[in-house]
Amino acid sequence: IRAYEKRGSDEARGPIAREIYQKFIMPELLSFPEAFTQSIISEIQYCLHQHRYPQNLFQPLISEICQALSRQIFNRFLKSKYFTRFCQWKNVQLSIH
């Protein structure tokens, strides 16, 4: 996405936008249809269909992913045995030094 955002023109961003959509967004939609807000996906699809590639096309999607990671997935990690093991390892590291 950073490579997409660094491009100066719509012509340069077009192929990268389509590649991002086909490689990363579409497989997620097929596997987990509820993974993203439909309005954000519709806006991205509309822009791609209209051959409009604004520099911030993927920003709403990035924000949504970051929010989901900070809430749902991180909370599951905190409740998992892996977090307990991580804390134990950090305790060992601190006691060594």
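**Exercise 1. Pro27**

Task: In this predicted model, leave aside the neighbours of Pro27 within four places in sequence and state which residues Pro27 is in contact with.

Solution: 
- Step 1. With those neighbours left out, Pro27 is in contact with Tyr21 and Gln22.
- Step 2. Buried means under 20% relative accessible area and exposed means over 50%, with partly exposed in between.
- Step 3. Pro60 is 33 residues away from Pro27 along the chain, and their C-alpha atoms are separated by 18 Å.

**Exercise 2. Helix 2 and helix 3**

Task: Describe how helix 2 and helix 3 pack, and name the residues that meet.

Solution: 
- Step 1. Helix 2 covers residues 10–31 and helix 3 covers residues 38–49. Their axes lie 12 Å apart, at an angle of about 145 degrees.
- Step 2. The crossing of helix 2 past helix 3 is left-handed.
- Step 3. Helix 2 brings Ala17, Arg18, Tyr21, Ile25 and Leu29 to the contact, where they meet Ile41, Ile44, Gln45 and Leu48 of helix 3.
- Step 4. Sorted by class, this contact of helix 2 with helix 3 has 7 nonpolar, 1 polar and 1 charged residues.

**Exercise 3. The largest nonpolar core**

Task: How many residues does the largest nonpolar core have, and which have the most contacts inside it?

Solution: 
- Step 1. The core has 17 residues. Those with the most contacts inside the core are Tyr4, Ile25, Ile44, Leu57 and Phe58.
- Step 2. Helix 2 and helix 3 are the elements that give two or more residues to this core.
- Step 3. The largest share of the core, 6 residues, comes from helix 2.
- Step 4. Take Ile44 as an example. Not counting residues up to four places away in sequence, Ile44 touches Tyr21, Ile25, Leu57, Phe58 and Leu61.

**Exercise 4. Two loop residues**

Task: Which loops hold His51 and Ser80? Is His51 buried or exposed, and is Ser80 buried or exposed?

Solution: 
- Step 1. His51 is in the loop between helix 3 and helix 4. His51 counts as exposed because its relative accessibility is 53%.
- Step 2. Phi of His51 is near 60 degrees, a positive value in a residue other than glycine.
- Step 3. Ser80 lies in the loop that runs between helix 4 (59–78) and helix 5 (81–96). Ser80 counts as buried because its relative accessibility is 18%.
- Step 4. The Ser80 side chain reaches the backbone oxygen of Phe77 at 2.7 Å.

Key. Residues are numbered from 1 along each chain as its sequence is written. This is a predicted model: local features need pLDDT of at least 70, side-chain atom pairs count only at pLDDT 80 or more; totals for chains, interfaces and linings use all residues. Side-chain values use heavy atoms; hydrogens and water are left out. Axes are lines fitted to C-alpha atoms, for helices over the stretch in contact, and angles run from 0 to 180 degrees between N-to-C directions. Helices (H or I, at least four residues) and strands (E, at least two) are DSSP runs, numbered from the N terminus. A crossing is left-handed if the near helix is turned anticlockwise from the far one by less than a right angle, and right-handed if clockwise. Contact means heavy atoms within 4.5 Å. Ala, Val, Leu, Ile, Met, Phe, Trp, Tyr, Cys and Pro count as nonpolar, Asp, Glu, Lys and Arg as charged, and the others, Gly among them, as polar. A nonpolar core is a set of buried Ala, Val, Leu, Ile, Met, Phe, Trp, Tyr and Cys residues joined through side-chain atoms within 4.5 Å. Buried means under 20% relative accessible area, exposed over 50%, partly exposed in between (1.4 Å probe, protein chains only). A polar contact is a pair of N or O atoms within 3.5 Å; within protein, one must be able to donate a hydrogen and the other to accept it, and residues adjacent in sequence count only if both atoms are side-chain atoms.
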